[in-house]
Amino acid sequence: MPTFVAKIRDTQGKSRTEKVIAESINQARTNLRQQGFSIQELKKENSLDLKQLLDFETRFATVTVKDKAVFSRQFAALVNAGVPIVRSLGVLGEQCGNPKLKKALMEISLDVQNGLNLSDSMRKHPACFDGLYVSMIQAGEVGGVLDEVLNRLAKLLEDTARLQNQIKSAMSYPMVVGFIAVSIFLGMTIFLIPIFAKIFEEIGNTLPPLTQFMVTLSGILRGPQIIVVILGFIAFVIAYKQYYKTPMGRQTIDRLSLKTPLFGDLIQKSSVARFSRTFGSLTRSGVPILTSLEIVRDTSGNQVVANAIDAARFEVQQGGMISFALQKEKVFPPMALQMISIGEETGEIDAMLMKIADFYEDEVEQAVKALTSILEPVMIVVLGGMVGTILLSMYLPLFKVFDTLG
C-alpha cells in the first residue's frame with residue numbers, strides 16, 4: 001500500500017508534515033480531512049531507498065509484550081476520553097516507536113475507517129495481535145465496553161511482562177557467570193596449558209592422570225579435532241530442535257522441565273499464574289469459556305499444561321467441571337484446583353482466577369529470589385572449581401619434581 005506525504009494544518013492552526021498510508025491519493029485526502037486536518041499539499045512518497053529501509057526495519061522488528069501493554073493503556077485512555085477510534089489509532093500509530101506495530105496500526109486505522117470491525121482488522125496482523133488480544137477486543141466491541149477491556153488487556157500484559165522479567169532475572173545471573181567460567185576455562189586450557197606442557201616434556205617425568213587429561217584436552221581444542229566437536233554439538237542442537245517439534249518430543253521435554261530440580265517448581269508456578277491471569281481476563285471480558293480455554297491452551301507455553309487445559313475444555317463440552325479435569329491431569333497444585341472448584345460452585349470463577357494469579361505471581365517472585373540466592377554460591381563454587389582444576393593439573397607435576405629433587 002503506497003505512502004503519501006502531506007503538509008497539513010491541524011485544528012490548532014499549526015503546520016506540520018504528516019505521512020498517510022492509503023490505497024490512493026483521494027483516499028489519503030479523505031482520511032486527513034476526516035481527522036480534522038486542513039491539507040496544504042499532498043503527494044506520493046517517491047523515496048525508494050527510504051521505503052526499502054523501512055520495509056527492512058519492519059520485517060525484522062518484534063512487537064514485545066511491553067509494546068502491546070503501552071499501546072493498550074494509551075488506547076484505553078483515548079477511547080475513554082471520547083476520541084474516535086480511527087483518530088486514536090492514527091495518533092498512536094504516529095507516535096509508536098516500533099516500526100512493525102506502527103505499520104499495523106496505520107493499516108488497522110484505514111480498515112476501520114473503511115467500515116471493518118476493530119477486532120477483524122487486528123486479526124490481519126497476527127505478528128502484533130495474537131488470538132487472546134483479538135478475542136478480548138471482539139468481546140469489548142460486542143459488549144460496548146472497549147475501554148474497560150483495553151484496561152484489562154493492559155493490566156494482563158503488564159503482569160505478563162513483569163512475570164517474564166522476573167524469570168529472566170533468575171536466568172541472567174547463572175548465564176553470565178557460566179559464560180565467564182567457560183571463557184576462563186577455555187582460555188587457560190588453550191593458551192596456558194601448552195606452555196606448561198612444554199616444560200613437563202623437557203622434564204621427562206610421567207604426568208599425573210589429571211595433568212595428562214588436561215594436556216590432551218588442550219591438544220583437542222587447539223587441533224583440527226575441535227571441528228568434529230563443534231559439528232557434533234551443532235548436530236545435537238539440530239536433532240534436539242527437530243525432536244522438540246514432534247508431539248511426543250515436546251511433551252517429553254516439557255514434562256521433564258516440570259520435574260527439573262530448582263527450575264521445575266518455578267516453571268509450574270509461572271504456568272499456573274499465566275493460565276489463571278489469562279483465563280480470568282478472558283472470562284471477565286465476556287469471552288465464552290470454550291473459546292477462552294482454547295486461547296489459553298495455545299498460549300500456555302508448555303505442552304503438558306496445554307494437554308491439561310485441552311482435557312478441561314473437553315470436560316466442559318461434556319457438561320463437566322474444569323477443576324475435575326485439571327485434577328485428573330495432576331499438573332496444577334492442589335490449592336489452585338480447590339480455588340477453581342470453589343469459583344465454579346459460587347459462579348465467580350473469574351474473581352477466583354484473579355486471586356490465584358495474584359498468589360502465584362507472588363510465589364514466582366519469591367521463588368526467583370530463592371533461586372538467585374541458591375545459584376550465586378553454586379556458580380561461584382563452579383567457577384572456582386574449574387579454575388582450581390586447571391591450576392592443580394599444572395602444579396601436580398611440579399610437586400612430583402620437587403619430591404624427586406628432595
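Analyst: Let's start with one word: a residue is buried under 20% relative accessible area, exposed over 50% and partly exposed in between (1.4 Å probe, protein chains only). Ser135 has a relative accessible area of 15%, so it is buried.

User: Before we go on, what kind of model is this?

Analyst: It's a predicted model, where local features need pLDDT of at least 70 and side-chain atom pairs count only at pLDDT 80 or more, while totals for chains, interfaces and linings use all residues. Residues are numbered from 1 along each chain as its sequence is written, and side-chain values use heavy atoms, with hydrogens and water left out.

User: How many helices and strands does the protein chain have?

Analyst: Helices (H or I, at least four residues) and strands (E, at least two) are DSSP runs, numbered from the N terminus. Here you get 17 helices and 3 strands. The radius of gyration is 30 Å, well over the 22 Å that the globule rule gives for 406 residues, so the protein chain is more spread out than a compact globule. That radius is taken over C-alpha atoms, and the rule is 2.2 Å times the number of residues to the power 0.38. Along the principal axes, the C-alpha atoms fill a box of roughly 95 × 60 × 35 Å.

User: And what share of the 406 residues is buried?

Analyst: Buried residues account for 40% of them.

User: Which strands does strand 1 pair with?

Analyst: Two strands pair if DSSP finds at least two bridges between them. Strand 1 (residues 3-9) runs antiparallel to strand 2 (residues 15-21), with 7 bridges joining them. Strand 1 also pairs with strand 3 (residues 38-44), again in the antiparallel sense, over 6 bridges. Take Phe4 as a handle: its bridge partner in strand 2 is Val20, and in strand 3 it stands opposite Lys44.

User: Back to Ser135. Which residues does it touch, leaving out those up to four places away in sequence?

Analyst: Contact means heavy atoms within 4.5 Å. Ser135, in helix 7 (residues 131-143), touches Val287 and Ile295 on that count. Val296 is 161 residues away from Ser135 in sequence, yet their C-alpha atoms are 11 Å apart.

User: Helix 7 also holds Ile137. Is that one buried or exposed?

Analyst: Ile137 is at 0% relative accessibility, so it counts as buried. Beyond four places in sequence, Ile137 touches Leu118, Ser119, Met122, Leu146, Val149, Leu150 and Leu153.

User: Where is Thr211, and what does it touch?

Analyst: Look in helix 9 (residues 209-222). Thr211 has a relative accessible area of 2%, so it is buried. With neighbours within four places set aside, Thr211 contacts Phe200, Ser393, Leu396 and Pro397. Thr211 and Pro397 are 186 residues apart along the chain, and 7.6 Å separates their C-alpha atoms.

User: What about a lysine, say Lys269: buried or exposed?

Analyst: Lys269 comes in at 14% relative accessibility, so it counts as buried. You'll find Lys269 in helix 12 (residues 263-284), touching Tyr360, Glu363 and Val364 once residues up to four places away are left out.

User: How do contacts look over the whole protein chain?

Analyst: Take contacts between residues at least 6 apart in sequence: 61% of these join residues at least 24 apart.
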